[in-house]
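Good morning, and thank you for making time for this presentation.

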Amino acid sequence: MAPEDIKKLRQELGCTARELAGALGIEQETVLAWERGDLFPTKRFVEMMEELRRKGPEAIPRKKKKQANASPLQVLADPELWRLFRKLLSHPELRSAALKLADAYPDPTDAPPA
């Protein structure tokens with residue numbers, strides 16, 4: 001498999017070198033070396049990449065993006081937030097513990113306007 005073939009495969013799968021490496025169980029630097037032509041994949045990895053190609057983009061494990069920049073509406077749409085909220089409402093001892101933990105964090109409404 002030539003360097004161009006690996007780049008094309010990543011385009012077909014819509015993945016980064018890190019994601020392809022993760023799917024193959026290798027380091028990202030190895031995939032990058034294959035793409036530069038510094039190294040060449042063994043038959044085993046060529047077969048694994050062909051299998052990924054057959055399975056398509058859903059075969060690539062992807063990490064969820066952090067919601068640090070999520071809008072308030074996106075945060076409110078998160079089912080995990082509502083699951084937590086239901087638990088806080090249902091369990092007074094959990095609510096009490098959460099309030100104690102929250103004391104260490106600043107309240108966003110106390111921040112000066114940007």
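**Aromatic pairs and helix packing**

Trp34 is buried, with a relative accessible area of 3%; buried means under 20%, exposed over 50% and partly exposed in between, for a 1.4 Å probe and protein chains only. Before I continue, please note that this is a predicted model, in which local features need pLDDT of at least 70 and side-chain atom pairs count only at pLDDT 80 or more, while totals for chains, interfaces and linings use all residues. Residues are numbered from 1 along each chain as its sequence is written, and side-chain values use heavy atoms, with hydrogens and water left out.

How many aromatic pairs does a search of the whole structure find? It finds two, where rings of Phe, Tyr and Trp (its six-membered ring) pair if their centres lie within 6.5 Å, and planes under 30 degrees apart count as stacked, over 60 as edge-to-face and the rest as tilted. Trp34 and Phe45 form a tilted pair, at 5.7 Å centre to centre and 50 degrees between the planes. Because Trp34 lies in helix H3 (residues 28–36) and Phe45 in helix H4, this pair ties together parts that are eleven residues apart in sequence. Helices here are DSSP runs (H or I, at least four residues), numbered from the N terminus. Phe45 is also buried, at 13% relative accessibility.

The rings of Trp82 and Phe85 have their centres 5.6 Å apart and their planes at 80 degrees, so this pair is edge-to-face. Both residues belong to helix H6 (residues 79–90), three residues apart, and so are separated by about one helical turn. Trp82 is partly exposed at 39%, and Phe85 is partly exposed at 40%.

I turn now to helix packing. Helix H2 (residues 17–24) packs against H3 at about 115 degrees, with the axes 8 Å apart; axes are lines fitted to C-alpha atoms over the stretch in contact, and angles run from 0 to 180 degrees between N-to-C directions. H2 is therefore roughly perpendicular to H3, a label for angles of 65 to 115 degrees, with under 35 counting as roughly parallel, over 145 as roughly antiparallel and the rest as oblique.

Which residues make the contact, given that contact means heavy atoms within 4.5 Å? H2 contributes Ala17, Arg18, Leu20, Ala21 and Leu24, and H3 contributes Gln28, Val31, Leu32 and Trp34. Trp34, the buried residue with which I began, thus takes part in this contact as well.

Note on methods: Helices (H or I, at least four residues) and strands (E, at least two) are DSSP runs, numbered from the N terminus. Contact means heavy atoms within 4.5 Å.
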